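Please study the sequence and the structure before reading each solution.

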2 protein chains.
Amino acid sequence: MPQLGLLHGRAWAVLFGQLRRPPGAVCIRAVHSHSQVAEAALATQLKPHQEKSNFIIKTPKGTRDLSPQQMVVREKILDMVVSCFKRHGAKGLDTPAFELKETLTEKYGEDSGLIYDLKDQGGELLSLRYDLTVPFARYLAMNKVKKMKRYHVGKVWRRESPTIAQGRYREFCQCDFDIAGQFDPMIPDAECLKIMCEILSGLQLGDFLIKVNDRRILDGIFAVCGVPESKFHAICSSVDKLDKMSWKDVRHEMVAKKGLAAEIADRIGDYVQCHGGVSLVKQMFQDPRLSQNKQALEGLGDLKLLFEYLTLFGIAEKISFDLSLARGLDYYTGVIYEAVLLQTPAHAEEEPLNVGSVAAGGRYDGLVGMFDPKGHNVPCVGLSIGVERIFSIVEQRMKTFGEKIRTTETQVFVATPQKNFLQERLKLIAELWDAGIKAELMYKNNPKLLTQLHYCENMGIPLVVIIGEQELKEGVIKLRSVASREEVAITRENLVAEIQKRLSES
Amino acid sequence: MPQLGLLHGRAWAVLFGQLRRPPGAVCIRAVHSHSQVAEAALATQLKPHQEKSNFIIKTPKGTRDLSPQQMVVREKILDMVVSCFKRHGAKGLDTPAFELKETLTEKYGEDSGLIYDLKDQGGELLSLRYDLTVPFARYLAMNKVKKMKRYHVGKVWRRESPTIAQGRYREFCQCDFDIAGQFDPMIPDAECLKIMCEILSGLQLGDFLIKVNDRRILDGIFAVCGVPESKFHAICSSVDKLDKMSWKDVRHEMVAKKGLAAEIADRIGDYVQCHGGVSLVKQMFQDPRLSQNKQALEGLGDLKLLFEYLTLFGIAEKISFDLSLARGLDYYTGVIYEAVLLQTPAHAEEEPLNVGSVAAGGRYDGLVGMFDPKGHNVPCVGLSIGVERIFSIVEQRMKTFGEKIRTTETQVFVATPQKNFLQERLKLIAELWDAGIKAELMYKNNPKLLTQLHYCENMGIPLVVIIGEQELKEGVIKLRSVASREEVAITRENLVAEIQKRLSES
């Protein structure tokens with residue numbers, strides 16, 4: 001699996017807490033030094049909020065700002081995810097944050113109530129997108145695209161009761177990869193599972209497992225167990241809760257809330273508590289009831305083929321055929337899957353603990369047809385990486401390891417030990433910027449040298465160029481390494497080349 | 001100025017239409033080949049839209065999808081903008097797409113009506129963000145941050161009457177850079193102008209000019225001309241229209257619509273039709289009326305200092321002191337600026353034509369204080385790059401040059417000339433993916449070799465690996481260069497190394 005090699009090796013290793021600080025090295029830390037600020041209220045014609053009735057300054061419920069530290073983690077993870085999508089030949093695509101309300105209706109089953117609507121301010125009725133899949137299907141139908149492999153990284157919005165402790169937000173980022181088009185069975189589906197494995201291995205999130213099932217097998221189970229067809233969706237939603245609730249509680253919901261006969265629920269229970277590898281697929285083929293159901297047989301046939309391809313990809317041992325996997329969304333029509341992280345148990349005899357889903361997807365062959373004026377379908381299969389969950393895990397790990405990361409990329413700081421050297425500093429820094437060197441200076445006429453050097457240590461800036469009277473007279477600049485504190489004098493003409501040389505070596 | 005060097009040289013040059021195709025080279029083109037698609041309606045429990053009352057499939061008014069081609073252009077431009085922001089030491093920050101409605105009120109003057117509100121679905125009243133500046137100020141106040149240099153790339157939403165021909169949308173991307181904190185005057189302001197110059201030069205958009213003014217000078221002008229203070233904002237909005245309307249029409253608006261006395265309007269006209277360099281600053285210092293106004297003198301003093309710094313940065317000749325520049329937003333308190341592209345005129349004696357604003361910004365020292373419970377202020381200055389405009393210009397240029405760009409980055413295609421080689425292809429491509437090589441294959445059991453090779457030519461994929469019976473028997477793989485059509489046999493063990501060698505050479 002491609003892992004660190006794809007990223008800037010060291011930065012990545014620092015991020016993931018795999019490098020220990022060498023003895024004597026400076027601790028890189030982002031500091032918001034709270035300098036003196038003009039506290040006097042400015043003459044403004046605008047009314048401050050505090051004069052108004054109890055305004056509370058906050059982000060909306062279930063949303064948050066991302067700090068520079070969080071942005072660095074996020075950027076690295078997204079880079080890795082996107083580079084995997086590109087490795088598999090995907091094109092980029094972007095769609096608006098909102099869609100016509102009608103575009104989103106009847107796609108999400110019980111979750112439709114979580115869609116954010118925009119206020120009717122005259123004109124169209126609009127809703128914020130709930131996922132990236134429905135907009136993709138709308139795009140395909142609208143542009144009559146019959147074949148496309150695309151990725152999309154973007155925010156989606158859901159009015160969930162936010163339980164932020166679990167890493168669930170009302171605004172969150174999704175990373176989707178989908179393959180649309182009519183192809184030979186299970187080849188794109190297998191690639192989607194391969195991509196999930198590459199990303200989860202590459203991010204080094206620990207052990208994981210991908211549960212696989214098929215909507216047609218579930219429907220077949222419901223049919224042979226005697227569930228009335230009108231209740232398929234409702235019962236499917238109940239089964240979907242088996243990762244959070246016990247079978248006993250799910251059974252209770254089916255019987256007490258959804259009006260299913262107890263013996264039907266029990267028959268379902270016999271199936272949905274099964275999980276295993278390809279041998280379970282074979283076993284289900286032999287099942288006296290299920291083998292009578294055409295839909296279930298189709299699903300089982302595809303799963304058998306899928307396992308064959310997964311073996312060729314070398315990832316079959318990561319996959320579990322799990323009859324309890326249902327996936328909440330209405331639009332799936334075939335194979336479905338969900339990746340969960342496993343926690344190594346404290347005792348060898350215990351089963352690994354499922355610590356939550358980090359990626360999921362499946363086949364949705366009917367969604368594009370819902371948008372097409374003539375109902376023409378484009379079969380699709382795809383996956384979505386739950387990056388918010390992954391961000392939380394990586395952030396938590398960094399806290400545990402106590403590692404700090406740089407929030408800027410500044411390479412050189414332009415300093416002076418003397419007063420009245422602003423003009424020289426400005427001329428010098430413009431030279432560096434124009435040469436493409438990342439450089440900063442203090443926005444003060446007369447900063448103290450110690451303050452300037454401290455800033456470099458705190459921010460992890462590796463080089464300082466120092467200009468003062470002596471240097472100006474001699475036509476040189478002092479170049480200082482922050483880590484070693486060594487200083488050398490360099491002629492002005494050679495400064496840029498020398499800095500570039502040092503940066504390329506480090 | 002750093003230009004092409006910062007980006008992948010060749011890709012960038014192709015993007016900007018500077019490379020001509022070498023003779024005989026393949027024209028790179030993205031093709032959506034419309035393959036046979038299962039047209040039979042799928043058994044789905046979902047109701048297709050076409051059965052409903054006249055549903056039209058479209059994106060909301062004023063919004064659009066971005067195609068893979070557009071995404072490639074966008075990615076290159078954003079990479080360049082962000083790398084400039086990072087060169088100047090900025091940290092990343094992200095804020096939610098929506099804010100509490102109250103956070104946005106009374107910040108945008110006449111434009112407040114363009115804010116998108118969310119529907120009241122119970123809970124907080126929310127609005128989509130209108131720019132990235134107000135959320136930044138809210139962030140600073142909320143977290144009591146007194147000093148920060150940050151960039152933010154994100155979408156904003158405005159309910160404007162969309163005139164898409166002009167490149168204006170209701171959803172668009174902004175790239176902001178801001179410096180918050182109490183510093184010595186005009187140093188951060190000068191850096192903002194330097195950044196605008198670096199980006200506009202780097203993107204090679206042709207000649208440009210940055211107009212600079214100061215809100216205090218405008219207010220001083222209004223005061224000495226006799227405008228009642230209650231009308232400052234309204235008259236400022238009228239002045240702001242001078243880039244789109246003649247002085248005659250603006251004067252008419254002031255007098256007829258905003259109730260200003262004609263002689264006051266004429267006095268304003270004498271000022272706001274002036275523009276020039278630092279000499280105009282000196283001239284205004286001598287102005288008998290303006291030199292009596294304390295606010296105007298402060299503004300002029302700062303502009304004088306600003307021009308000094310801009311000269312040290314080597315960009316003074318790009319800057320014009322323009323008394324007609326007003327900027328629509330309420331929150332500016334000091335220096336304001338706006339970059340416009342210039343079109344070289346057909347005749348030497350004509351003035352260069354202003355073809356529209358592509359970047360703008362200014363100082364807003366009072367905005368953070370509006371959010372602080374005690375009204376404590378954090379002085380800020382920043383800029384926003386109008387990337388949508390820039391995207392349109394670059395896309396238009398590419399159309400003119402007739403250059404096509406690759407929408408995928410695939411390096412190797414895994415092909416076979418024989419039937420029943422899917423298993424071997426799958427094993428082979430997994431090896432490539434695991435080695436970090438960008439690879440694709442056809443999702444067919446038995447694709448035709450010619451179809452596979454055509455796909456590579458159309459998509460600009462440089463290498464093909466071919467596996468068939470002969471190769472399997474001999475333990476080799478054929479490696480084919482798409483451009484030269486040369487083929488060599490390589491042992492399976494050496495394949496990855498050989499591909500990596502070829503890719504690093506190209």
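**Exercise 1.** Determine which residues of α6(B) and α11(B) meet, and describe the crossing of these helices.

Solution. In this predicted model, α6(B) contributes B:R216, B:I217, B:D219 and B:G220, which meet B:Q295, B:A296, B:E298, B:G299, B:L300, B:D302 and B:L303 of α11(B). Finally, consider the geometry. The axes of α6 (residues 215–225) and α11 (residues 294–312) of chain B come within 7 Å and cross at roughly 145°. The crossing of α6(B) past α11(B) is left-handed.

**Exercise 2.** Find how α10(A) and α11(A) are oriented to each other.

Solution. Begin with the angle: the axes of α10 (residues 278–286) and α11 (residues 294–312) of chain A cross at roughly 155° and come within 10 Å. Angles over 145 degrees count as roughly antiparallel. Therefore α10(A) and α11(A) are roughly antiparallel to each other. On the side of α10(A), the contact is made by A:V278, A:V281, A:M284 and A:F285; on the side of α11(A), by A:L297, A:L300, A:G301, A:L303, A:K304 and A:F307. Of these residues, eight are nonpolar, one is polar and one is charged.

**Exercise 3.** What area do chain A and chain B bury between them, and how many salt bridges are counted there?

Solution. First, take the area: the two chains bury about 12,300 Å² between them, with 58% of it on carbon and sulfur atoms. Second, take the residues: 137 of chain A are in contact with 137 of chain B. Third, the count of salt bridges between chain A and chain B is 16. One pairs B:K86 with A:E75, with the closest N and O atoms 2.8 Å apart.

Terms used. Residues are numbered from 1 along each chain as its sequence is written. Chains are lettered from A and ligands numbered from 1 in the order in which they are written. This is a predicted model: local features need pLDDT of at least 70, side-chain atom pairs count only at pLDDT 80 or more; totals for chains, interfaces and linings use all residues. Side-chain values use heavy atoms; hydrogens and water are left out. Axes are lines fitted to C-alpha atoms, for helices over the stretch in contact, and angles run from 0 to 180 degrees between N-to-C directions. Helices (H or I, at least four residues) and strands (E, at least two) are DSSP runs, numbered from the N terminus. Angles under 35 degrees count as roughly parallel, over 145 as roughly antiparallel, 65 to 115 as roughly perpendicular and the rest as oblique. Contact means heavy atoms within 4.5 Å. Ala, Val, Leu, Ile, Met, Phe, Trp, Tyr, Cys and Pro count as nonpolar, Asp, Glu, Lys and Arg as charged, and the others, Gly among them, as polar. A crossing is left-handed if the near helix is turned anticlockwise from the far one by less than a right angle, and right-handed if clockwise. Buried area is the accessible area (1.4 Å probe) that two parts lose on being put together, summed over both. A salt bridge is a side-chain nitrogen of Lys or Arg within 4 Å of a carboxyl oxygen of Asp or Glu.
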